[in-house]
Amino acid sequence: MERTPHTTPVIKVKGLTMRFGDRLIQEHIDLSLEPGEIFAVMGGSGSGKSTLLKHLVGLLPPAGGRVLYGDAQGGQGGVTDYWASDEATRQQLRRRVGMLFQSAALWTSMDVLDNVCLPLSLQPEKPSLADQQARAMEVLQWVGLADAARRMPSQLSGGMKKRVGLARAIVAEPAILFLDEPSAGLDPIASRRLDELILDIRERTGAAMLLVSHELPSLMDLADDGIFFDADSKRPIAHGAPKDLCDHAHPTVRAFMRRESLPTPAAA
Amino acid sequence: MRWVGRQWHQRVWVAGLIEPLRFTGELVITAVQAVAGGWQVRRADLLRIVADSSAGALPIVVIVNALVGAILAFVGAVQLVQFGAGIFVADLVSIAVAREMAAVITAVVMAGRTGAAFAAELATMQVNEEVDALKVLGLDPVGYLALPRVLSLMWLLPLLYLFGTMAGVFGGVAVGAGMLSLSPVAYLDRAANAMDWRHLWLGLSKSVVFGGLLAWAGCYQGLRAQRDAAGVGLATTRAVVGSIVGVIVVDAVFAVCANALGV
């Protein structure tokens, strides 16, 4: 997908620094998510990819920098600094976001249908229960799990949980989707099916997506642009679409994208 | 010295005082918002909590209190029989059960059963990112998860206390009839005369406070658990130990106040 130069990014991150207490995770993070774009956050394990999502969606406060939410459709409206806003404004901004967690994070006390209905029940317009369930069934049909509507999460496979999590993330028609390792723990067929579903969602809804993953086939198929976090230097060391990073100058990026071992110091 | 100071600050000041006070404040604020009509809770979840904390707990509460009543009657009888005052076992058991034992024993049983369950459930939700998923939707975990549990136990524990009191008295009846050859009717008549509303109101008042304390401890530890399996175990242990110690401390405060007020 090509970037349109005159649209405002739906999310812009400027100079973000992430810490856990005294421990630095990543710093100097700059990125922008354009309308309808799939933006990949790449890097090795423990480099702070999932932590970035938590900073963008309001679960963790940054140690520095800004998280700016633009107009939901990428128009020329104003931007809002998430962490400088009051709770009411932050709640409004969060309503634009749907999130698929790494473990799907389905609420185990509710069945599949209730899990998918809950985001709808919290909307300001308060749709009736019948309308909520109708919309939830529509989305479950879309992800191929309408027959599992009354099953409990413990009765689902890993792939099914991810699809229910995705249904829950999109049921309220968010403009932005955060996908945290959607293919983690899935077999290649289930992973491929999920990737196709993600592309289908982008096609139908036009949602912008921030994708955290280290699954190379998914990254190559899905992402239009991306950023690469380095766990050693604690900084992003590459920007660009995954397929353009295979010949990157930095050996860590090249090794990651080509699935090669880094040369040992002695061999180097 | 700096390390000692930092440890004291983190473990005693922050973890021991500031964080519990903050959680209590959040609970009070969400309770006020709930009264004003802003309470977001699923009815199905609330009913599940109520059912598990009441009907689910009744058998063990009744059995344990009946045994405690029997033990009290047995120990009392051994002494009172020497003075030909075996019938006063009924007074001893009914007053002790109504004022102290039923409330405390019920609270201790519920701490190990329901308080631990609250801590484990919420800690597991933390591990599975279910609490994060609620926050992303704009739901406050304190109002959505903790407040229903605290309010439920605050009104359910007094009900369990009443059943526990009856069970304790009947435990005493069994010992009175079996050991002292007292007729159950005479025993119960004696017990009814000895027990008055002061004793029951004291026990009920304690039960309300104990219920809030157990649920508070379980929810506090659960929502602050580390996000791993060990964290779930640690949260559960801390909830149970904290609840039991808290119950004993609060009971001591009640004893002093009741004595001062002449109740």
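A polar contact is a pair of N or O atoms within 3.5 Å; within protein, one must be able to donate a hydrogen and the other to accept it, and residues adjacent in sequence count only if both atoms are side-chain atoms. This is a predicted model, in which local features need pLDDT of at least 70 and side-chain atom pairs count only at pLDDT 80 or more, while totals for chains, interfaces and linings use all residues. Residues are numbered from 1 along each chain as its sequence is written, chains are lettered from A and ligands numbered from 1 in the order in which they are written, and side-chain values use heavy atoms, with hydrogens and water left out.

**View 1. Polar links between chain B and chain A.** Seven residue pairs are in polar contact between the two chains, both residues at pLDDT 80 or more. The chains also share three salt bridges (a side-chain nitrogen of Lys or Arg within 4 Å of a carboxyl oxygen of Asp or Glu). Arg42(B) pairs with Asp114(A) in a salt bridge. Their closest N and O atoms lie 3.1 Å apart.

**View 2. The side of chain B that touches chain A.** Here 18 residues of chain B are in contact with 20 residues of chain A (heavy atoms within 4.5 Å). About 1600 Å² is buried between the chains, and carbon and sulfur atoms give 60% of that. Buried area is the accessible area (1.4 Å probe) that two parts lose on being put together, summed over both. In chain B, Glu129(B), Val136(B) and Leu137(B) lose the most area to chain A, together 36% of what that side buries.

**View 3. Lys54(A) at the chain boundary.** Lys54(A) sits in helix H1 (residues 49-56) of chain A. Helices are DSSP runs of H or I, at least four residues, and strands are runs of E, at least two, numbered from the N terminus. Lys54(A) counts as buried because its relative accessibility is 17%, with buried meaning under 20% relative accessible area (1.4 Å probe, protein chains only). Leaving out residues up to four places away in sequence, Lys54(A) touches Leu59(A) and Leu60(A) in chain A, and Glu129(B), Asp132(B) and Arg227(B) in chain B.

**View 4. Chain A as the setting.** Chain A has eight helices and 10 strands. Its C-alpha trace spans about 65 × 40 × 40 Å along the principal axes. Buried residues make up 54% of the 268 residues in chain A. Among chain A contacts with a separation of 6 or more, 66% join residues 24 or more positions apart.

How values were computed:
Buried < 20%, exposed > 50% of the residue type's maximum accessible area, 1.4 Å probe, protein only.
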